[in-house]
Amino acid sequence: MTDNSSTISINSSAIAAAADMPDPSGSGEPGDLNAQLIGTDIWTDQMVIDAGIPIHDVPLVSVGGGIGSFVMADFLRIAGMPANQMRVLTNLDVPWQTYEYLTKVSQIPRPERLRSDSQSMPDNIWGFPSFAFREAWKEKTIDPIYNVCTEPILRDYYTPRAGHVFETMEKEAARIGYWDMVSKGQVRMVRRRYGGGYFTILTPPQGTSATKRVAFRSTYVHVAVGYPGVAFLPDLQEYRSKYDDYVRVVNSYEPHEHVYEELKRRPGVVVIRGNGIVASRVLQRLIDDRDRDGLQTQILHLFRTYRTESFGPSIFLRRKARNGWIYQGFNWPKSAWGGANKRKFEKLEGQERAEFYKLLAGTTTPNRKDWKAQLKRGTAEGWYRTYTGTVDSVVPGPDGTVITKVKAKDGSLLEVPAHFIIDATGLEANIREHRLFADLLDHSGAQLNPLGRLDVERHFEIRGTQSHPGTMYAVGTMTLGGYFAGVDTFLGLQYSALRVMDDLAARGFVKKMGPFRSTAQWWRWARHKPLAS
């Protein structure tokens, strides 16, 4: 992934709508941003009033409304926070909307299993009973429990079904009164307030407000915004722009069901780019369709680096690799969430931490026996073939094909024709692709960490944005590179929410949750007893 990769939108939260652009003159719709507000780093109350923007007071604002906001709300409500003390600003209908979209288009619909641990439960801060136990209870079988007890030696790692995760979040959202905490709209910016705290500017849906903008004045801000968009390999983006072909060359994170439907109608050749979890899921979908419907699909898999044996600097940092793939149960070693690697990340600073990230990071996929058996069979039968090299160019071919010109290590050029190319290389990580983060960097004192994302403290406060007594926090993928590696995971969002909650408790916003309250609240959760508003 490169910073200059072009991007396409994930959903409406990833980019600003044209109607949401500010009016510098202030002469357009009432209650809009003006030149003074846009150009000033620290706002006074009077500046906002003079712009005609109504102000709503609330102690805590969470920006994003995805799973990160939901988990934060869950922790604080369980700790005793009244629902009216927090507003979640979002354009999403449900917290899992973006995540479900991404999993669905990358071939993990609700019945399929995610790449997540049994105890990583966004709806359950205690981690008990686990997803495996709940699935065993629901389906009246001990197989999930046996799976967990014997993983990864006798069985592959247990992972929950996507639908089960979404259903449990929906149930918990209703229990804690999450929907009453939501204000719909697009967040434009967060600016520090003179005298302490912050102003968060929201653009409500058209027709729902008398003014174009609404300001939320708060002591605390919690930013839980995910990836700004989808990364597209430069050569593929160049092809799409030059030849206006958005049908034959697609990204795995954009709707591309037409590829599979076309292959059902007639035999075709598909080139897969990428060697991570999404690439493996796309391959499995292609092979499942081939087996079920008797298709003649040919799959050509392009690797930039083809690994055939395990590698690593020591026995404790060794990664298993075979047939071009690097195998790992989850996107980070388990010790990065609660073991030696987690402690090491917390101790390292600057470039040393960046180097350790480089050592542990990388594209991996789970070591699943059924999927590996599919590829082995495809190789033996000749309909799955691999190529190694760098792409020189992508050009149109005869009869509606697309030709990928691959440069091998020896300098030779190989032409690989196909009917479709599926880019499964990943999501965009350039923080400035998201205008909210760009504004934080330009006007609110936020800084970049060694990996080029938001620099946060160990308790996830954004460095440089202090507005005493107010504090701004950030969680999720845009904090990768900090003192905790697994930020873009269910368990990582729960861990960050716990650290933020503890810091808010130290500041007097909520009471620190001790063992007695935790036990009592778990009992309420187990019986699905609603929390008091």
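Tutor: Two strands pair if DSSP finds at least two bridges between them, and helices (H or I, at least four residues) and strands (E, at least two) are DSSP runs numbered from the N terminus. This is a predicted model, in which local features need pLDDT of at least 70 and side-chain atom pairs count only at pLDDT 80 or more, while totals for chains, interfaces and linings use all residues. Residues are numbered from 1 along each chain as its sequence is written, and side-chain values use heavy atoms, leaving out hydrogens and water.

Student: Which residue in β6 is the bridge partner of Val 88?

Tutor: Strand β5 (residues 86–90) runs parallel to β6 and is joined to it by three bridges. Across to β6, the bridge partner of Val 88 is Val 182.

Student: Which are the edge strands?

Tutor: The open sheet has five strands, paired in parallel in the order β6-β5-β4-β10-β22. Pairing on one side only marks each edge strand, and these are β6 (182–184) and β22 (471–474).

Student: At about what angle does helix α3 run to β5?

Tutor: Helix α3 (residues 67–78) lies across β4 (60–63), β5 and β10 (220–223). Axes are lines fitted to C-alpha atoms, for helices over the stretch in contact (heavy atoms within 4.5 Å), and angles run from 0 to 180 degrees between N-to-C directions. Relative to β5, the helix α3 angle is about 170 degrees.

Student: Is Val 223 buried or exposed?

Tutor: Val 223 lies in strand β10 and touches residues including Val 63, Leu 436 and Met 472, not counting residues up to four places away in sequence. Buried means under 20% relative accessible area, exposed over 50%, and partly exposed in between (1.4 Å probe, protein chains only). Because its relative accessible area is 1%, Val 223 is buried.
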